[in-house]
Amino acid sequence: MAHLALASIEIVSGTADARRASVQWAPSAVIAAGLVIYLAAAVAVYIGAAGQIRFTADSSATIPMWHPWLPAAVGIALTLVALPGRGGRASGTSRDRVDAVVLTLLAITFAALLVLSGPTEPNYTVLKIGLLVICPLLLFAVGRRRGPVPDFVDEPPGHRWRPMIPVFGWAATHLVLSAHGPAQRIDVDWVTLVVGLVLGFVINAVVEEFFYRRWLQTRWARVLGGTWPAIIVSSLLWASWHIAIQGTGDLGMDLANTIVNQGVTGLFLGLLWARGQAMWPLLVTHGLMNANPVVLFG
């Protein structure tokens, strides 16, 4: 019996060690896979589309693929300088793992259904609210019955004004490049424009930043035990749904287009959330990206 007990302990210990080893390797594996995906997307756009990307659902015009890269690079650099990294990070619980997987499936389902059924209204809004708002809230409600609610913030954020620095850097670079981009014209009356901007801000900026960054990225950061792996996962999932509104029917090139565009911007937004732990910088950035004043009033 003693031998059996010792053997069982060794088996359990070996299983635990294997689990710990897999967790230790997971962040590096996700980062490596992410780098390969981003590089492959950039090469595909460079070769297949001469380095030009579609950047909006409102026009078929294209811009050089480095246009979203430069503001993102400026924003990331300023975020790393202005917002100090956080020391400890809470380890993922079983509830975090369940939430992360379910949220990921919801993100994939949203992108797939939007591509298959089309992004026309009311289909677009119904799918987005249903899959990215109602389903997650139901998931969290069920989770609360099983245990305490985990905090979103690992440490209390300090210097709440500091996110203004990377946001301003990103915005200034983005707007300067937009002024030199393809001309666009918004031909609607003021009432329609204001209502559209408000509704668009809520449906797009608010819903997406809460779902992809605050909810999904936060949980993957705990599960994977690292900030950048979670940022990569959330950025790629966020980019993928844009195929439905910017796609041409070539799934491979459409996916590469969104990764090079929204996927790169998502790296900045993800880091801004990870370092700042505040929603307003994300909403300001996302709002400016969607309601570009250079396009609206230029």
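**Reading the helix packing**

Modeller: Start with a pair: helix 6 and helix 10 are oblique to each other. The term comes from angle classes: under 35 degrees is roughly parallel, over 145 roughly antiparallel, 65 to 115 roughly perpendicular, and the rest oblique. This is a predicted model, in which local features need pLDDT of at least 70, side-chain atom pairs count only at pLDDT 80 or more, and totals for chains, interfaces and linings use all residues. Residues are numbered from 1 along each chain as its sequence is written, and side-chain values use heavy atoms, with hydrogens and water left out.

Biologist: At what angle do helix 6 and helix 10 pack?

Modeller: The general idea first. Two packed helices are described by the angle between their axes and the distance between the axes. Here the angle is about 135 degrees, and the axes of helix 6 and helix 10 lie 9 Å apart. Axes are lines fitted to C-alpha atoms, for helices over the stretch in contact, and angles run from 0 to 180 degrees between N-to-C directions. Helices (H or I, at least four residues) and strands (E, at least two) are DSSP runs, numbered from the N terminus.

Biologist: Is the crossing of helix 6 and helix 10 left-handed or right-handed?

Modeller: Right-handed. A crossing is left-handed if the near helix is turned anticlockwise from the far one by less than a right angle, and right-handed if clockwise.

Biologist: Which residues of helix 6 and helix 10 meet?

Modeller: Contact means heavy atoms within 4.5 Å. On the helix 6 side, the residues include Phe201, Phe210, Glu208, Glu209, Arg213 and Arg214. Helix 10 brings Met279, Leu282, Leu283, His286, Gly287 and Asn290. By class, this contact has seven nonpolar, four polar and four charged residues. Ala, Val, Leu, Ile, Met, Phe, Trp, Tyr, Cys and Pro count as nonpolar, Asp, Glu, Lys and Arg as charged, and the others, Gly among them, as polar.

Biologist: How do helix 9 and helix 10 pack?

Modeller: Helix 9 (residues 251-276) and helix 10 (residues 279-290) pack at about 160 degrees, axes 8 Å apart. That makes the two roughly antiparallel. From helix 9, Thr265, Phe268, Leu269, Leu272 and Trp273 meet Met279, Pro281, Leu282, Thr285 and Met289 of helix 10. The classes are eight nonpolar, two polar and no charged residues. Helix 9 passes helix 10 in a right-handed crossing.

Biologist: What lies between helix 9 and helix 10?

Modeller: A loop that holds Gln277. Its phi is near 50 degrees, a positive value in a residue other than glycine. Gln277 is buried, at 11% relative accessible area. Buried means under 20% relative accessible area, exposed over 50%, partly exposed in between (1.4 Å probe, protein chains only).

Biologist: Where is Ala50, and is Ala50 buried or exposed?

Modeller: Ala50 sits in the loop between helix 1 (2-48) and strand 1 (52-54). Its phi is also positive, near 55 degrees. Ala50 is exposed, at 62% relative accessible area.

Biologist: Which residues of helix 3 are buried?

Modeller: An α-helix has 3.6 residues a turn, so residues three or four places apart point the same way. In helix 3, the buried residues include Asp96, Asp99, Leu103, Leu106, Phe110 and Leu114. Their cover includes helix 4 (123-144), helix 6 (190-224), helix 7 (227-240) and helix 8 (243-246).

Biologist: What follows helix 3?

Modeller: Gly118, with a positive phi near 95 degrees. In the loop between helix 3 and helix 4 you find Pro122. A cis peptide bond joins Glu121 to Pro122, with omega about 5 degrees.

Biologist: What does Gln246 touch?

Modeller: Gln246 belongs to helix 8 and is buried, at 7%. Not counting residues up to four places away in sequence, Gln246 touches Arg54, Phe55, Thr56, Ala57, Asn257, Asn261 and Gln262.

Biologist: How many helices and strands does the protein chain have?

Modeller: There are 11 helices and two strands. Of the 298 residues, 41% count as buried. Among contacts with a separation of 6 or more, 80% come from residues 24 or more positions apart.
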